[in-house]
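Subject: Structure handover and findings

Hello,

My notes follow below it.

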Amino acid sequence: MSERSVSKQNQEKRWYTVLAPEEFDRAELGETLAEEPEQVYDRTIQTTLSDIRDGGENNVKLTFQISDVGSDTASTEFVKHELTRDYQRSLVRRGSSKVAVTITVLTTDDYRVKIQPVAYTTKQADQSQQKAIRRTMIDLVEEAGEERTFEALIDSVIEGRLSSAIYDEANTIYPLRRVEVEKATLEAHPEEVYEEEETAVDVDEDDEE
């Protein structure tokens, strides 16, 4: 393809400035190129918390998905929070325990979110202690989901309030060195949850006949 045809092709495309959601002050995430606005929907963009928030950690990766497109901007929604692999590896210590669990919760505004907290003990904890720590993590994450909207739940993850709450409670079971939320992922929107519930009801009714 000649330089002229490549240049012409690029001229037909438009750059869209990608913006973070309101809860991240609509920070600029980058740009994306497309011929038609429809092509921009559902594209994802990844950044670090430090890139979009003053004082934010650079070991926290955030993924956003484009949900709305304007004339030259694209709005996004949050879809994933995760710790970088290097940071996760740095938390592991020989002679200590890593206690992890995965919990799926439904927020007060019916978003389904998968949250994966992890606790690192100061020394090796026995099985019963690890089980008790895991139970505490499950209870506190489920409680957080039942009491918060999707936005408030994600904010508590990103700001570290959820991991602090787990630390304070689980540290009474066995001394902990650190608690982190390793990953938080948007699993389903309210409309998807409703659709699944309706499908489940239809299946149950069919089984009863």
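A definition comes ahead of the findings: angles under 35 degrees count as roughly parallel, over 145 as roughly antiparallel, 65 to 115 as roughly perpendicular and the rest as oblique. Please keep in mind that this is a predicted model.

**The α4/α6 pair**

Helix α4 spans residues 127-147, and helix α6 spans residues 161-170. Their axes come within 10 Å and cross at roughly 140°. By the ranges above, α4 and α6 are therefore oblique to each other. The crossing of α4 past α6 is right-handed.

Which residues meet there? From α4 come Ile133, Thr136, Met137, Leu140, Val141 and Ala144. From α6 come Leu162, Ala165, Ile166, Glu169 and Ala170. The residues of this contact between α4 and α6 split into 9 nonpolar, 1 polar and 1 charged.

**The buried face of α6**

Four residues of α6 are listed as buried: Leu162, Ser163, Ile166 and Ala170. Viewed down the axis of α6, the buried residues fall within an arc of 95°, so they line one face of the helix. An α-helix has 3.6 residues a turn, so residues three or four places apart point the same way.

What do the buried residues of α6 pack against? Their partners are β8 (112-121), α4, α5 (150-158) and β9 (176-188).

**Isoleucine 133 in α4**

Isoleucine 133 sits in helix α4. Its relative accessible area is 0%, so isoleucine 133 is buried. Leaving out residues up to four places away in sequence, isoleucine 133 touches Val99, Ala119, Thr121, Ala170, Ile173, Tyr174 and Leu176. Ala170, one of these, also belongs to the α6 side of the helix contact. Isoleucine 133 and valine 179 are 46 residues apart along the chain, and their C-alpha atoms are separated by 11 Å.

**Aspartate 139 in α4**

Is aspartate 139 buried or partly exposed? This residue of helix α4 has a relative accessible area of 38%, so it is partly exposed. Aspartate 139 and threonine 108 are 31 residues apart in sequence. From C-alpha to C-alpha they are 16 Å apart in space.

**Valine 118 in β8**

Strand β8 holds valine 118. Valine 118 is buried, at a relative accessible area of 0%. Its contacts, setting aside neighbours within four places in sequence, are Lys98, Val99, Ala100, Met137, Arg178, Val179, Glu180 and Glu182. Met137 is also among the α4 residues that meet α6.

**Histidine 81 in β5**

Histidine 81 lies in strand β5, residues 73-83. With a relative accessible area of 3%, histidine 81 is buried. Beyond its neighbours within four places in sequence, histidine 81 contacts Val60, Lys61, Leu62, Val157, Ile158, Val181, Glu182, Lys183 and Ala184. Two of these, Val157 and Ile158, are listed among the buried residues of α5.

**Helix α5 and what follows**

The buried residues of α5 are Phe150, Leu153, Ile154, Ser156, Val157 and Ile158. Glycine 160 follows α5, and its phi is positive, near 85°.

**Loops and positive phi**

Where is arginine 26? It is in the loop between β1 (14-19) and β2 (28-34). Phi of arginine 26 is near 50°, a positive value in a residue other than glycine. At 31% relative accessibility, arginine 26 counts as partly exposed.

Aspartate 110 is in the loop between β7 (103-106) and β8. Its phi is near 70°, again positive in a residue other than glycine. Aspartate 110 is partly exposed, with a relative accessible area of 22%.

Valine 92 occupies the loop between α3 (85-91) and β6 (98-100). Residues up to four places away aside, valine 92 touches Tyr120 and Arg177. Valine 92 and tyrosine 120 are 28 residues apart along the chain, with their C-alpha atoms separated by 7.5 Å.

Best wishes

Terms used
Residues numbered from 1 in each chain as written. Predicted model: local features only at pLDDT ≥ 70, side-chain atom pairs only at ≥ 80, totals over all residues. Heavy atoms only, no water. Axes fitted to C-alpha atoms, helices over the stretch in contact; angles between N-to-C directions. Helix = DSSP H or I, 4+ residues; strand = E, 2+ residues; numbered from the N terminus. Left-handed = near helix turned anticlockwise from the far one by under 90°. Contact = heavy atoms within 4.5 Å. Nonpolar A, V, L, I, M, F, W, Y, C, P; charged D, E, K, R; others polar. Buried < 20%, exposed > 50% of the residue type's maximum accessible area, 1.4 Å probe, protein only. Arc of directions from axis to C-beta.
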